[in-house]
Amino acid sequence: MRQGLNKGYPTTAIPKTTRPSHRKGIQSTKNKFVRSVVREVSGFAPYERRVLELLRNAKLGTLLRAKRKLEELGNIIQESRRAH
């Protein structure tokens, strides 16, 4: 009987492919341009306006997508401060 780290039948590891959920939201140049045009035309959603108000007062967020959204909105706040 074999024991330890090398026990069992020797196999080769199959490289894991990236899951679609991990690829979701990756920005291409076209995607980034379209989002910027939509943001410029439509402005902020009501929940984004509320989050902007909360961001001015305190930091929030625990989930990954929520953190990304908060970072994006925080950058927008900083850009608006630089513009004024």
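Predicted model: local features only at pLDDT ≥ 70, side-chain atom pairs only at ≥ 80, totals over all residues.
Local features are taken at pLDDT of at least 70 and side-chain atom pairs only at pLDDT 80 or more, while totals for chains, interfaces and linings use all residues. Residues are numbered from 1 along each chain as its sequence is written, and side-chain values use heavy atoms, with hydrogens and water left out.

Helix 2 spans residues 29-42; helices here are DSSP runs of H or I with at least four residues, numbered from the N terminus. From first to last C-alpha, its 14 residues reach 20 Å, close to the 20 Å expected, where the expected span is 1.5 Å times one less than the number of residues. The count of buried residues in helix 2 is zero (buried is under 20% relative accessible area, exposed over 50%, partly exposed in between, with a 1.4 Å probe and protein chains only). Just after this helix, Gly 43 has a positive phi of about 80 degrees.

The structure holds one salt bridge, meaning a side-chain nitrogen of Lys or Arg within 4 Å of a carboxyl oxygen of Asp or Glu. Its partners are Arg 39 and Glu 72, at 3.1 Å from N to O. Because Arg 39 lies in helix 2 and Glu 72 in helix 4 (residues 64-83), the pair ties together parts 33 residues apart in sequence. Glu 72 is partly exposed at 34% relative accessibility, and Arg 39 is partly exposed at 23%.

Val 51, Leu 52, Leu 70, Leu 73 and Ile 77 form the largest nonpolar core, a set of buried Ala, Val, Leu, Ile, Met, Phe, Trp, Tyr and Cys residues joined through side-chain atoms within 4.5 Å. Helix 3 (46-57) and helix 4 each give two or more residues to this core, and helix 4 gives the most, with three.
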